[in-house]
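Subject: Structure handover

Hi,

Here is the structure for you to look over. My notes on it follow below.

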Amino acid sequence: MLTLFHTTSSNEALFRALLSEMGPEVPARHVVAADLLDRAAAQGCVTADIAADTRDRMQAALDDGASMLLCTCSTLGTCADQMNDPRVSRIDRAMARKATAQGGRVLVAACVASTIEPTVILLREAGPAAHMETLLMADLWPYFRAGDNARYWQGIAERLRERASAFDCIVLAQASMAGAADLLRDLPVPVLSSPRIGLEAAIAEYRKLS
């Protein structure tokens, strides 16, 4: 069974839809641990206590019959890596590889501060980037929390249009931001989001294990 480890209920809905399209035969279970992201967002980072709690919950999911666990929260991605378990992966790793393969100047965009550091570290591990900058749009996060996805994605898209010409690739650090990529398809630079890219890689890996 593929267990998807989420920190927002909307991510569960997003990945259920993607799974039904991309891997309908894959048996899946969804675990939502919203308090972990809430705590990290409040602290501005993943503290040692949050990391330990996250690893404990991931281990419990594995012990409960998961043959593979996919962490869909970029803020907790480093915690997934710390498991040092080949059954545990993170949604943004495939995206990071694709971004660094582009080369040149990369803009990392996020709406929660705690997501910036794990994403930047991952990108540096994935390959050399000639130049990397970050853009935090924390004022847009309340729209997502209120369920106003349209305003959230539109706000992200507007900010990124203002910066796009200075970069060769834009990385949307959070899965929740994926809807903004659909509004930016006309840009001359790739705008990468993790859900579809990461799930495609996870399904391929799951099929190898099956």
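Pro195 counts as buried because its relative accessibility is 2%, under the 20% cut-off. Keep in mind that this is a predicted model.

Pro195 sits in helix α10, which covers residues 194–209. Setting aside residues up to four places away in sequence, Pro195 touches Leu14, Phe15, Leu18, Ile91, Ala175 and Ala178. Asp92 is 103 residues from Pro195 along the chain, yet their C-alpha atoms are separated by 7.7 Å.

Next, Ser193. This residue lies in strand β8, residues 191–193. Its relative accessibility is 15%, so Ser193 is buried too. Beyond its neighbours within four places in sequence, Ser193 contacts Met95, Leu172, Ala178 and Ala181. Ala178 is also on the contact list of Pro195.

Not counting residues up to four places away in sequence, Leu172 touches Met95, Ala109, Ile156, Leu160, Met177, Ala178, Ala180, Ala181, Val191, Leu192 and Ser193.

Which residues touch the most other members of the largest nonpolar core? They are Ile156, Leu160, Ile170 and Leu172, out of 43 residues in that core. Helix α3 (residues 48–63) gives the most to this core, with 5 residues. A second core is separate and has 16 residues, among them Ala94, Leu123, Ala173 and Ile197. As background, nonpolar side chains tend to be buried together in soluble globular proteins.

Best regards

Conventions: Residues numbered from 1 in each chain as written. Predicted model: local features only at pLDDT ≥ 70, side-chain atom pairs only at ≥ 80, totals over all residues. Heavy atoms only, no water. Core = buried A, V, L, I, M, F, W, Y, C linked by side-chain atoms within 4.5 Å. Buried < 20%, exposed > 50% of the residue type's maximum accessible area, 1.4 Å probe, protein only. Helix = DSSP H or I, 4+ residues; strand = E, 2+ residues; numbered from the N terminus. Contact = heavy atoms within 4.5 Å.
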